[in-house]
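Please read it with the structure open alongside.

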Amino acid sequence: MTSRLPALNDWVDQVAALTRPAAIHWCDGSDEENQALVARMQADGTLLPLNADTHPNCWLHRSHPEDVARVEHLTFVCTEDRDDAGPNNHWMSPADGHAQMDELFEGCMEGRTMYVIPYCMGPIDSPLSRCGVEITDSPYVVANMRLMTRMGALALARIEREGSFVKGLHSTGELDPKRRFIMHFPEELTIKSYGSGYGGNALLGKKCHALRIASWQAREEGWLAEHMLIVGIENPQGQTHYIAAAFPSACGKTNLAMLIPPDAYREAGWKVWTVGDDICWMRPGPDGRLWAINPEAGFFGVAPGTSEQSNPNALASLQSNAIFTNVAVTDDNQPWWEGLDKRTPAIDWQGRAFDPANGPAAHPNARFTVSARQTPSWSEKAEDPQGVPISAIVFGGRRASLVPLVFEARDWAHGVLIGASMGSETTAAATGAVGVMRRDPMAMKPFCGYNFADYFGHWLSFDGDEAKLPKIFHVNWFRKGDGGDFLWPGFGDNMRVLEWMIGRVKGEAEGVDTPIGILPTPEALNLDGVDLTGEAREKLFGVDTDGWKAEAASIGEYLSSYGEAMPDALHAQQRRLAEALG
Ligand code: SAT
Ligand code: MN
């Protein structure tokens, strides 16, 4: 098979000439194709069947033990001018990047099948959606892309109609960390990834396309590609507000997107609708509001910690048709991970008999892949070609100290400063030390495909007379007390904070102006049924002026580290913060 688009056929021919596969398979996305692929992967051990009674059509994949997370130090943005990639990205010239990658790809698919995967990021008929084609030698990638994107014949038809697409070339190679790179060529809308079969390194529609390349496209075309969940909050009157929220990987985005409100809220008629759990593309509509789509069709969520208490919606969606990567299994072959329940696992993520001396049974970054439609809270609006109007944007990170539960930006430019200066402790979603505080602006540190200074400028540019922009908030669900325990219950109780935000959007909820922004008093939040200690109240709802003075100075240094390119408007916001603190 070929396509009706010569540019696509030519590229597939070029890649085949370089990688020399034994066969080429154009993916149509059909059930038959998927079944054949799954059967093949079962035969060669890539997929292991899980208990078919409790988890019909669910599969376990064990990755190479050194290929378990994104690798930021091996991820590059290759632009003609180094300044376009910015200090936030590892850079290489496009010529050097291609040369280095093409040497790795040379003959790498000999004896293997090369899969051509046409996919669409976003509803197939949405003007906000964008298409790509991933070429890979990994059937596991095909099976995951089928769950995560609109993949196959319909996507190919759109690509043929539009004539343009993002090119992603991937090979698992030898899975040798020394021969592993993920390179982006935004000027050519091209991605090349070699040597990893894992998540964001290999499912190129996700972070590589939908964030790094898309953020570049978005700047050129006047929209935003963000690392945000999208959640709809329906009040008892039947009115739904959509909130987009940015958190770094493994900070609870999936849980917030699928939140179950506390009992009293549910009884009163509040409902939560999941539109997306990881990525949000937003564009100003004719009415001046920002309209958003979730470019993905599935969830690639963190398994550990997912339970009947923390995220019953996710758990319900994982009973069938899911792929589990690097989880443990019980003695009756059910998927298991730390935090799921009290059972003892039989076999760990590496296939060894479980022995606590070897560490956790499931890898801390073990993942599930599942179609979004299987989630009970799934919103039909996720298929709406127009997208959903965003009422509030939320930034948040893991901050054990200093940062209160929630505060609101005074205006858009202040909100951009709040997003730009976001910090968070690192997690297991990327290789490297865990728990180290780093600046992670808008949770895009690993994902922005261009210079952060230009990116902040792009964010600022949305403000204007006609704009009806969302309010911007910052939250911190992870504040700890002096004893080291979390001060806020989190999970479903985060609904209380979302309700306050919606109240603010509607001009109904109380807030107090402080140097860092507008905070609720504890009374402005519905805390019925939440038991907070005096320390918790003080730390969750207070501003530690001395601590914030140091933070403001550190934010100033961070902005200055980008040199001349940093917009003056952000420096001005930082000065305003520092002055307000006295
Ligand atoms: O591995 S992924 O980048 O897809 C998941 C994540 O880190 O958010
Ligand atoms: Mn993510």
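In this predicted model, serine 424 is in contact with Pro248, Cys251, Gly397, Arg398, Arg399, Val436, Met437 and Arg438, once its neighbours within four places in sequence are left aside. The residue belongs to strand 25, which covers residues 423-425, and its side chain reaches the backbone nitrogen of arginine 398 at 2.8 Å. Serine 424 counts as buried because its relative accessibility is 3%, which is under the 20% limit.

**Other buried residues and their surroundings**

- Arginine 158, a residue of helix 6 (residues 153-162), has a relative accessibility of 5% and therefore counts as buried.
- A polar atom of the arginine 158 side chain lies 3.1 Å from the backbone oxygen of serine 129, and serine 129 is also among the residues that arginine 158 touches, together with Cys120, Pro123, Ile124, Asp125, Ser126, Pro127 and Cys131, when residues up to four places away in sequence are not counted.
- Threonine 325 is found in strand 19 and, at 0% relative accessibility, counts as buried.
- Not counting residues up to four places away in sequence, threonine 325 touches His61, Tyr140, Tyr198, Ala366 and Arg367, while its C-alpha atom is separated by 8.4 Å from that of tryptophan 59, a residue 266 places away along the chain.

**The manganese site**

- The manganese ion (ligand 2) is coordinated at 2.2 Å by Lys207 through NZ, His227 through NE2 and Asp278 through OD, and along the chain these donors follow the spacing K-x19-H-x50-D.
- Histidine 227 lies in the loop between strand 12 (224-226) and strand 13 (228-234), whereas aspartate 278 lies in the loop between strand 15 (271-276) and strand 16 (280-284), so the pair ties together parts that are 51 residues apart in sequence.

- In soluble globular proteins, nonpolar side chains tend to be buried together.
- The largest nonpolar core here has 111 residues, of which Ile393, Phe395 and Trp459 touch the most other members, and its largest share, 7 residues, comes from helix 5 (residues 139-148).
- Another core, of 38 residues, lies apart from the largest one and includes Met101, Ala155, Ile159 and Leu204.
- Leaving aside neighbours within four places in sequence, tryptophan 459 is in contact with Leu224, Glu226, Met228, Ile393, Phe395, Trp412, Val416 and Met442.

**Helix 13**

- The N-terminal end of helix 13 is capped by asparagine 451, a side-chain oxygen of which lies 2.9 Å from the backbone nitrogen of alanine 453.

**Aromatic rings and charges over them**

- The count of aromatic pairs comes to 21, and one stacked pair is that of phenylalanine 324 and tryptophan 337, with 5.9 Å from centre to centre and 25° between the planes.
- That pair links distant parts of the chain, 13 residues apart, since phenylalanine 324 lies in strand 19 (residues 323-325) and tryptophan 337 in the loop between strand 21 (335-336) and strand 22 (367-371); phenylalanine 324 and tryptophan 337 are both buried.
- The rings of tryptophan 412 and tryptophan 459 have centres 5.5 Å apart and planes at 20°, so this pair is stacked as well.
- Tryptophan 412 in helix 12 (residues 412-420) and tryptophan 459 in helix 13 (residues 452-460) are 47 residues apart, and their pair links distant parts of the chain; tryptophan 412 and tryptophan 459 are both buried.
- One aromatic cluster is formed by Trp216, Tyr450, Phe452, Tyr455, Phe456, Tyr558 and Tyr562, and the charged end of arginine 219 sits over the ring of tryptophan 216, 5.4 Å from its centre.
- Lysine 192 lies over the face of phenylalanine 185, at 5.9 Å from the ring centre.

Key:
Residues numbered from 1 in each chain as written. Chains lettered and ligands numbered in written order. Predicted model: local features only at pLDDT ≥ 70, side-chain atom pairs only at ≥ 80, totals over all residues. Heavy atoms only, no water. Donors = N, O, S within 2.8 Å, 3.2 Å for Na, K, Ca; no water. Helix = DSSP H or I, 4+ residues; strand = E, 2+ residues; numbered from the N terminus. Core = buried A, V, L, I, M, F, W, Y, C linked by side-chain atoms within 4.5 Å. Buried < 20%, exposed > 50% of the residue type's maximum accessible area, 1.4 Å probe, protein only. Contact = heavy atoms within 4.5 Å. Phe/Tyr/Trp six-rings, centres within 6.5 Å; stacked < 30°, edge-to-face > 60°. Lys NZ or Arg CZ within 6 Å of the ring centre and 35° of its normal. Polar contact = N/O pair within 3.5 Å; in protein donor to acceptor, adjacent residues only side chain to side chain.
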